[in-house]
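Dear colleague,

Please find the structure below, handed over for your records. I would be grateful if you could look through it alongside the notes that come after it.

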Protein chains: 2
Amino acid sequence: MSPRTSPLAKGARSKHSGLQKSAPIFAALGDETRLRLIAVLCAGGALSIAQLTAGTDITRQAVTKHLQVLADAGLVHDIRQGRERLWEFEPTRLEEARRSLDTIAQQWDQALTRLKSMLEQ
Amino acid sequence: MSPRTSPLAKGARSKHSGLQKSAPIFAALGDETRLRLIAVLCAGGALSIAQLTAGTDITRQAVTKHLQVLADAGLVHDIRQGRERLWEFEPTRLEEARRSLDTIAQQWDQALTRLKSMLEQ
DNA sequence: GTTAAAGGCAACCAAATGGTTGCGTTATTG
DNA sequence: CAATAACGCAACCATTTGGTTGCCTTTAAC
């Protein structure tokens, strides 16, 4: 039997190298509170920390931390304005994440197509 | 001044309720190793734990744990076969995640459109 | 029927995460 | 200028996470 080549070997891995870059974006999206913040921000424009905290059951500090995580992932950015700090949604990185999921879905479809054509022979 | 209603209040939140459901999926995707596993699985069909471990610098146990996380999120499933346990990609939940990102992007576009039309008046 | 491969279980570990509280700073507002 | 609103900083905490090691079980191969 020919020794099965490992699918995760360096060579094979480099083909998918674009994907791993978006792991931090997904990680930032992988929290209910942060998803809620994103949803609110992308619907309502620039909001202050106090505004974003009102109506939640967590502390302002917790919200600040979540916003920082989102900012590190490039999903939001802040605008200093007087004694307030307004936060705004940033769509660029989200598009990256969308393209990543599209890539995966495409590869899956291709694999299915290949499998199908092999079965038809 | 009318008291600014909190954007995260229960009423406003229920409008976006579909989103929070996909937080666990994003969390599962939010790790480089797991993204790599997904990429390999969606390209190569069903693979065993040993195969998935070969070529990585982490332990078989670590891979097992990652696969379990992906399975909990519904992104992969396993097939017992003899002494092996084959893992396969499951596209359903990934589609959910895609739709979530689409929803966010849509809402952002709508917000921009509204803003634009307000500025034009 | 041994031997070796594939995997499961469980304990353990360090670091990251999600959250809190307390207190200090900056900027409005009256 | 005094009061207060909005925020920053830092310490602290429990839990989760990503990973390891050691050992046991199951299954295939010879």
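This is a predicted model: local features need pLDDT of at least 70, side-chain atom pairs count only at pLDDT 80 or more; totals for chains, interfaces and linings use all residues.

DNA strand D is surrounded by 20 residues, and the closest are A:Gln61, A:Arg85, B:Thr59, B:Lys65 and B:His66. The side chain of B:Arg83 has an N or O atom 3.4 Å from a base oxygen. Helix H6 (60-72) of chain B is among the elements that give two or more residues to this surface; H6(B) gives the most, with four residues. By class, the surface near DNA strand D has nine charged, seven polar and four nonpolar residues.

Turning to the protein interface, 47 residues of chain A are in contact with 47 residues of chain B. The two chains bury about 4,300 Å² between them, with 72% of it on carbon and sulfur atoms. Two salt bridges are found across the interface. A:Asp102 forms a salt bridge with B:Arg98, in which the closest N and O atoms are 2.6 Å apart. Four residue pairs are in polar contact between the chains. On the side of chain A that touches chain B, H7(A) gives the largest share, 13 residues, and the residues there divide into 28 nonpolar, nine polar and 10 charged.

Yours sincerely

Conventions
Residues are numbered from 1 along each chain as its sequence is written. Chains are lettered from A and ligands numbered from 1 in the order in which they are written. Side-chain values use heavy atoms; hydrogens and water are left out. A residue is near a molecule or strand if one of its heavy atoms lies within 4 Å of it. A polar contact is a pair of N or O atoms within 3.5 Å; within protein, one must be able to donate a hydrogen and the other to accept it, and residues adjacent in sequence count only if both atoms are side-chain atoms. Ala, Val, Leu, Ile, Met, Phe, Trp, Tyr, Cys and Pro count as nonpolar, Asp, Glu, Lys and Arg as charged, and the others, Gly among them, as polar. Contact means heavy atoms within 4.5 Å. Buried area is the accessible area (1.4 Å probe) that two parts lose on being put together, summed over both. A salt bridge is a side-chain nitrogen of Lys or Arg within 4 Å of a carboxyl oxygen of Asp or Glu.
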